[in-house]
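I opened the notebook to keep track of what I look up in this structure. The entries follow the order in which I worked.

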Amino acid sequence: MAVLVSIGFMVVTFAIAQVLRVVGKAILPSTIYDYWAELITTWQFCACFIETDFVTADHGWWMFAAVCFLMCLGFCKVFEDATGCPCCVLEDYMGKLTTWTSALIKVAVQILGAILAARWAYFVWTMEYSAGHAQKAREELCETCINCSDLEGMAAEGLATFTAQFAAWKLKESDLSDYVNSALCVAIIVTGASWTGMMFNPALAVSMTYGCKGESIIDHVVVYWIGPLIATALAYFLHFGTVPVLQAEKVKAT
């Protein structure tokens, strides 16, 4: 029963997000819609991943893997050009696909979406559709997902980000890219969850762990922001062999 509640939550979240996308496209200028899409995508992404905690707790990792795989495939179909991840914004900036001001706005919007996702999840918990949701709603403070040193956590989150990003670029033209990338993300999460929760997305970490008991601001920034962002920059350079935004700066300097 509990897994049906979680799946229902995800379906409703997907439906609301799609409606908001359609409405946004209809009434917003394209330049504003880009930020709106990031807000909705991050909200949808984080809210659904928050809910997977109940799937794992009630039915174990095999059920989590199945639900998460299907969920990630769903994301691939509806996210369009939005990413819901600050690492991808960095990637676009490095490739000169966005300006630094637009990049900062997108990251700010993603953080807002992450916060709203946590509020949406809590709102649903208070309705007590299952015993797990009811118990979660009564918790005074969440527990940190970090079960290692900051350096170990930074390395773990960085390695996860590097692997996911590098694989995504290598498989970009493949017809099976959505399936392979979704399966890879599930495998990474299951492998490293006991270390850091395995977010490899700073916005998701804001939604799921920021302010939790046992996790300072420094812990959060080092593990969930510095690790993935450095890994993204490294993966970009190793894959493309150049960083257009830096080349442009050198040209300006000369």
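**Source.** I am working with a predicted model, in which local features need pLDDT of at least 70, side-chain atom pairs count only at pLDDT 80 or more, and totals for chains, interfaces and linings use all residues. Residues are numbered from 1 along each chain as its sequence is written, and side-chain values use heavy atoms, with hydrogens and water left out.

**Cores.** I looked up the nonpolar core, a set of buried Ala, Val, Leu, Ile, Met, Phe, Trp, Tyr and Cys residues joined through side-chain atoms within 4.5 Å. Buried means under 20% relative accessible area, exposed over 50%, and partly exposed in between (1.4 Å probe, protein chains only). The largest core has 55 residues, and Phe49, Cys68, Met71, Phe75 and Phe200 touch the most other members. Among the elements that give two or more residues to this core are helix H2 (30-78) and helix H7 (177-196); helices (H or I, at least four residues) are DSSP runs, numbered from the N terminus. H2 gives the largest share, 18 residues. I also noted a second, separate core of five residues, including Met94 and Trp169.

**H2 and H7.** Next I checked how H2 and H7 pack: the angle is about 155° and the axes are 8 Å apart. Axes are lines fitted to C-alpha atoms, for helices over the stretch in contact, and angles run from 0 to 180 degrees between N-to-C directions. H2 and H7 are therefore roughly antiparallel, a term for angles over 145 degrees. Residues of H2 that meet H7 include Phe49 and Cys68, and those on the H7 side include Val186 and Ile189. Cys68 touches Phe49, Val186 and Ile189, not counting residues up to four places away in sequence; contact means heavy atoms within 4.5 Å.

**Cysteines.** How many disulfides are there? I count one disulfide, taking the term as a pair of cysteine sulfur atoms within 2.5 Å. Cys142 and Cys212 form it, with their sulfur atoms 1.8 Å apart. The link of Cys142 and Cys212 is left-handed, with -100° about the S-S bond. Cys142 lies in the loop between helix H5 (131-138) and H6, and Cys212 in the loop between H8 and H9, so the pair ties together parts 70 residues apart in sequence. Cys142 is partly exposed at 26% relative accessible area, whereas Cys212 is buried at 3%.

For Cys76, the nearest cysteine sulfur is that of Cys72, 7.0 Å away. For Cys87, the nearest is that of Cys85, 4.1 Å away.

How values were computed:
Parallel < 35°, antiparallel > 145°, perpendicular 65-115°, else oblique.
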